[in-house]
Amino acid sequence: MSLSSESTVPTVSTVTISYSELKEKNIDLSARIEEGFGPNGLGILSVKDVPGYSALRQNLLRLAPRLAGLPEEVKRELEDAHSRYNFGWSHGKEKLESGKLDMLKGSYYANPLQDVPTSNSYEIQRYPSYCGSNIWPRNSLPELEGAFKALGKLMFEVGLMVAYHCDQYVSKGIKQHEKQNLEKILLDSRSHKGRLLYYFPAQDSTTHDNDSISSWCGWHTDHGSLTGLTRAIFSRDSVEVPCPDPASGLYIQTRSGQIVKVVYGEDEIAYQIGETTAILSSGYLCATPHCVRAPQGEEARGLERSTFALFMQPDWDQKLTFPKEVTIHEELSLSNEVLTFGEYTEKLLNKYYDSKP
């Protein structure tokens, strides 16, 4: 990792693996998997030189401002309250760290691999955020569906390659059950979710909390298995511009508690480990808290940001065998338990949000 200093927070480049290496199953990438995802890593690495990725990224991210600019009555038709706004358009439904509703960004959620993951009415009622059906603006923005699915599918396929090499690394330390390895869990899942994000332009640079490093996205650790991330595109008045504030972007808290700013290339896909993978790998793969800092200063006025995340997670029906030693969410008493991913999600929601999905 290369380090440079920007004020008091170091800037760290991700561990990077080329696509040509990643796709070869007979290459041992354990050292780099450990460097990025292991106990002393940042829980993130990036993949470079992915064929076709650059164009697919631009195709989708350039649609985000157009989606956000649709008439309010059209966007309301694209909302799905039953899924807790986990399908279709969502704006002002989620809370910031301050407890206020998040009006800074809008999101569009869809499963890029399956439009209708299940027709089972019981499952749809119990796990609406996973089991709902996609909603597409086929009249108001017909290009969105194809662009969303194309980028999501590519990021999923590359993520499966990352998962394969994660399994090879973990298998050197612990004996994994064949059905418990990351690649198989992701292959068998119907729960994957893409999120197209659009950050509305700040008319006043004081709109964001200047003292907060988490002004655009609060501190959190991803709940699922593996998250794919694009680099953001910034624009002003529909014209793409470079980010004017080098201090803005992704920040990660290391295992030792240090906060670092993390950077990766514009044409690289970043992957972060989620808590479920950290637990099932007995800590060989580590999930880390992270947040996003908004650009500050006069040049940030009127700046828009568009980006995309793919949350790769187990099927809601996937049985997860938790190891004896579980250091995440110890209060849930997961040691030696066998739960489906849906049941595990319910436990977390009941504990932290005092509500059921």
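Q: Trp136 first: buried or exposed?
A: Trp136 is buried, at a relative accessible area of 9%. Buried means under 20% relative accessible area, exposed means over 50%, and partly exposed is in between, with a 1.4 Å probe and protein chains only.

Q: OK, and what sort of model is this?
A: This is a predicted model: local features need pLDDT of at least 70, side-chain atom pairs count only at pLDDT 80 or more, and totals for chains, interfaces and linings use all residues. Residues are numbered from 1 along each chain as its sequence is written, and side-chain values use heavy atoms, with hydrogens and water left out.

Q: Back to the rings. How many aromatic pairs does the structure hold?
A: There are 7 aromatic pairs. Rings of Phe, Tyr and Trp (its six-membered ring) pair if their centres lie within 6.5 Å; planes under 30 degrees apart count as stacked, over 60 as edge-to-face and the rest as tilted.

Q: What's the geometry between Trp136 and Phe148?
A: Trp136 and Phe148 are edge-to-face, 5.4 Å centre to centre with 70° between the planes. The pair links distant parts of the chain, 12 residues apart: Trp136 is in the loop between helix H7 (128–131) and H8, while Phe148 is in helix H8. Helices (H or I, at least four residues) and strands (E, at least two) are DSSP runs, numbered from the N terminus.

Q: And Phe148, buried or exposed?
A: Phe148 counts as buried, at 0% relative accessibility.

Q: Which residues form the aromatic cluster with Phe148?
A: Tyr108, Trp136 and Phe308 form one aromatic cluster with Phe148.

Q: Let's look at H8 itself. How does H3 pack on H8?
A: H3 (residues 53–61) and H8 (residues 143–171) pack at about 140°, with their axes 9 Å apart. That makes H3 oblique to H8: angles under 35 degrees count as roughly parallel, over 145 as roughly antiparallel, 65 to 115 as roughly perpendicular and the rest as oblique. Axes are lines fitted to C-alpha atoms, for helices over the stretch in contact, and angles run from 0 to 180 degrees between N-to-C directions.

Q: Which residues in H3 and H8 meet?
A: From H3 you have Tyr53, Leu56, Arg57, Asn59 and Leu60, and they meet Leu144, Ala147, Phe148, Ala150, Leu151, Leu154 and Met155 in H8. Contact here means heavy atoms within 4.5 Å.

Q: Switching topic: where is Ser225 found?
A: Ser225 is in the loop between strand E8 (217–220) and strand E9 (226–229). Ser225 counts as buried, at 2% relative accessibility.

Q: What is Ser225 in contact with, leaving aside its neighbours within four places in sequence?
A: With those left aside, the contacts of Ser225 include Leu182, Ile185, Leu186, Gln272, Thr277, Met312 and Pro314.

Q: Backbone now. What's phi of Arg84?
A: Phi of Arg84 is near 60°, a positive value in a residue other than glycine. Arg84 lies in the loop between helix H5 (72–77) and strand E5 (88–91) and is partly exposed, at 37% relative accessibility.

Q: And phi of Ser282?
A: Phi of Ser282 is near 55°, a positive value in a residue other than glycine. Ser282 lies in the loop between helix H10 (275–280) and strand E15 (290–293).

Q: Last one: how many helices and strands are in the protein chain?
A: The chain has 11 helices and 18 strands, and buried residues make up 54% of its 357 residues.
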